[in-house]
Structures are given as C-alpha cells and as structure tokens.
Amino acid sequence: MDATHADVALLRCEDYDRTKLDAIIAQAAEIAGFPDVRGATILVKPNVLNASPAAKAVTTHPEFVGAVIRFALSQGAKEVLVGDSPGWQPGALAAKTSGIYDAVKQNGGKWVDFREASPHAVNHGKRLRNIPLTTWLEHVDIVINLPKLKNHRLMTYTGAMKNLFGLIPGTAKSAMHMQYPGVMEFGEMLVDLALSIPRCFTFMDGIVAMQGEGPGSGTPYSLGIVLASQSIAKLDWIAARCVGYDPALIPYLADGLRRTLQSEAIIEPAISPLSVQDVSHEGFELLPYHSELGRKLGAIPNAMRAFAGSLIRLRPVFHTDKCIGCGACVQICPANALALDSKNKTHIVRIDDKLCITCFCCHEVCPAKAISIGRVPMRLWHRAKRS
Ligand code: SF4
Ligand code: SF4
C-alpha cells in the first residue's frame, strides 16, 4: 500500500445496476490506487469457467465486466482486450452464454480467446521456473483481474489468485493438476503464477457470490460487495474473511499473503471504507477446510489411520439420474480416470479409483450438477479388488 491508498477497497453494491456500478468501480479504483492506464493496452481477465448464464453466478457478471471496460476507457486506455480459457469449451462460446461476449462488444472492448501459449518466466517460485501462459500477455501493458467470489471444492475458496490460472490456455491447465496433485503443492503453484504477473489490478465481483458446491455447482448468494486492490493476495485474504472463512486455514491464501508481505508474520491488510464486520454474512454456506480432515485423521491411532483415511477420503460421485452424457468430465480429467457409457439415453460415468487424483476438475465442469463430492466407503476394498 502506498501512503494515500488502502490495501483493499471494500464497498457495498447490492445489484448490477449500471449507474451504480459505474460509481462503485470508480470509487473502488480511487481508494485502492488504480494505475495510470493512459495509452495502455489492457487485458481484462474475468472468470468464464464454463457456458453458464449470468444468473447462476458461475462467471463474473457481464454488467460488472462492462462497467470495468467503460472505466478503463474513461481513464485513457488505448485498447481493452477481454479473454479467458474455460476448462473444456471454446472461450467465446462460454462468454456468449454468460452474456460477457456481448458486454465486451457493447462497451468498446474486444474478446480474445486464449489459444496459444508461450513460456512465462516465474522468478522466486516455490514450484515453477516458467509456465505456459496466453500469448496475449505479450501484447498488453497491464492485466485487470475480474474474479467472482466463490467456494471451490479443491481450494476451499476461489477469487483473485485462482482466477489467473485461466491465463493458461486449454487443457494445459489439466496437466498442472497432474503435476501438482496435492492441495499444498497446487496452491503453491497458483501463488507462483499469480505473483509472477507484473502489472495486475483486481476488481472482485462479490455482488452475487457462489456458496456451497463451488466453483461450478454451488448456489448464488447475494453478498452485495465489491473489492479492489493492487494486491491479489491481500484482496483474497479480505474477501475470504467477508464470507466467514479464516484465511489462515486456507494454505494458499496464507502462502500468498506471506510471500506478498515477505514475512512469516501475517499483517492484516488495511481496508477502506468498510470493515469486514460491516459486511460479514453468517448465512453463507462454507466448505470444510482441508486441515479439518487432517485434524480428524490425526486424532485416530496410527494402526487405524490408513483405513479411516480410505473411508473418509472425498472423491467425485456420479449421479446417473442427472447425467446428460455431455462428456465434459471425461474430457477434462487429467488422470484419464473416467469413461462414459451411454446406452438408450442412459449415461453412466465410471471412475477408476486407482487413477483418480481427486483434483475435482470433473465436478468443476459438469453442467448438470450430476457430480457431487462425497465420502466413498470401502475404498480399500475397491483397491484390493482391482490390484
Ligand atoms: S475423476 Fe475427477 S477428481 Fe478424479 S482425477 Fe479425474 S477429474 Fe480429477
Ligand atoms: S457427469 Fe456431468 S460432465 Fe460428466 S457426462 Fe454427465 S453431465 Fe457431463
């Protein structure tokens, strides 16, 4: 934070009314120190997870994207490009369904798909030395990050840092899940990536957030907030607090803030004009922390721990009655653990437990809420049977 700006701007905004949004974006930018973008080419990165209508709160709201484009152009930006790379669908298709594609066109921006990648250097990374990111980064002066505030089955919470994972084009994202299958290592990779983007300013859409089974299958929750910051890690820390998480218990949020502060000691980011208490919502349906599972296992005697772990380990569960046979889960699965069997309008997805790395990408992309995350009993029995 410089002397005149807050680490994180936190404002109330109850809906996506254009006039209100224009005022809130301008105010948030002023409080958090929006950079000088005169003559700049900007890449705006909303969350376009998949082809979902805006009302489902899976994607950043199109009105929010439109307001940020208008603001950037009003500040003298030369060109505003807007793009993303959903897990398995073409970006433009997903952007059209959400309404973002039209919002971009109507407000003077230009939609770009992330198809090509080039190596992007990561200095001081814990996991990465370089990473393949969209070649559009080579043509822009600054990134404006527009995450949606959501729960996330693998990472517990998703916001500013996780949204930048979408800078990796297409299925290369799945390869990262294979390379970094654990929550800790995947989280460190996310922080490496996020902190390597040199000029990045974030506006977060927390007006309607996603609670429950995020990031694709949860339910919309009217939270009524907008956040902005020069620091993605500080913004995530505050946003997670606003919905009731303790960010210290979400490893990648703690890692991101420590690395940003360059200190093991956590110093709470300075917020303005509202405080977390002003906006906190007790009704938001949270996901359990990964550390809770570890704690439960830790309390069990050694001899029983492996068996207990197999009983309470979470993995995707497929619901034939809801499955529409789209094949998205099979396509996205980085471990090739899934097969789709479609006969007479009945679709059955089969999972190979021995291959599954529990990355939950399948759950993330399923358009039909046909995948839940559940505890699968008798996992050891399944393993023994197959080996
Ligand atoms: S089955 Fe689902 S959770 Fe398991 S590896 Fe494949 S995508 Fe990940
Ligand atoms: S489980 Fe979901 S993603 Fe997989 S085929 Fe069925 S509807 Fe598609």
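Trainee: How much of the chain counts as buried?
Mentor: This is a predicted model, and in it 56% of the 387 residues count as buried.

Trainee: What about helices and strands, how many does the chain have?
Mentor: There are 15 helices and 16 strands. The radius of gyration is 21 Å, close to the 21 Å that the globule rule gives for 387 residues, so the chain is as compact as a globular protein of that length.

Trainee: And what does the C-alpha trace span along its principal axes?
Mentor: About 65 × 50 × 40 Å.

Trainee: What share of the contacts with a separation of 6 or more comes from residues 24 or more positions apart?
Mentor: Those pairs account for 75% of them.

Trainee: Let's pick a residue. Where is G33?
Mentor: G33 sits in the loop between α1 (18–32) and β2 (41–46).

Trainee: Is G33 buried or exposed?
Mentor: Buried. Its relative accessible area is 10%, and the cut-off for buried is under 20%, so G33 falls on the buried side.

Trainee: Which residues does G33 touch, leaving out those up to four places away in sequence?
Mentor: H5, F201 and Q230. D341 is another matter: it is 308 residues from G33 along the chain, and their C-alpha atoms are separated by 53 Å.

Trainee: Next, F71. Which helix is it in?
Mentor: F71 lies in α2, which covers residues 62–74. Like any residue under the 20% cut-off, F71 counts as buried, with a relative accessible area of 10%.

Trainee: What does F71 touch, sequence neighbours up to four places away aside?
Mentor: F71 is in contact with I25, A26, A29, F34 and F203. Take A29 from that list: A29 and F71 are 42 residues apart in sequence, yet their C-alpha atoms are 9.3 Å apart in space.

Trainee: Changing topic, how many disulfides does the structure hold?
Mentor: It holds 0. Take C242, which is in no disulfide: the nearest cysteine sulfur belongs to C13 and is 14 Å away.

Trainee: Is C242 buried or exposed?
Mentor: C242 is buried, at 1% relative accessible area. C323 is buried too, with a value of 19%.

Trainee: Which peptide bonds are cis?
Mentor: Among them are the bond from G214 to P215, with omega near 10°, and the bond from S272 to P273, with omega near -5°. Most peptide bonds are trans.

Trainee: Where do P215 and P273 lie?
Mentor: P215 is in the loop between β10 (200–211) and β11 (219–229), whereas P273 belongs to strand β12, residues 271–273.

Trainee: And phi? What is it for N336 and K369?
Mentor: Phi is near 50° for N336 and about 50° for K369. Both values are positive, and neither residue is a glycine. Most residues other than glycine have a negative phi.

Trainee: Where are N336 and K369 found?
Mentor: N336 is in the loop between α13 (328–332) and β14 (338–343). K369 is in the loop between α14 (361–365) and β16 (371–375).

Trainee: How accessible are N336 and K369?
Mentor: N336 is exposed, with a relative accessible area of 63%. K369 counts as partly exposed, at 42%.

Conventions
Residues numbered from 1 in each chain as written. Chains lettered and ligands numbered in written order. Predicted model: local features only at pLDDT ≥ 70, side-chain atom pairs only at ≥ 80, totals over all residues. Heavy atoms only, no water. Helix = DSSP H or I, 4+ residues; strand = E, 2+ residues; numbered from the N terminus. Rg over C-alpha atoms; globule rule 2.2 N^0.38 Å. Buried < 20%, exposed > 50% of the residue type's maximum accessible area, 1.4 Å probe, protein only. Contact = heavy atoms within 4.5 Å. Disulfide = S-S within 2.5 Å.
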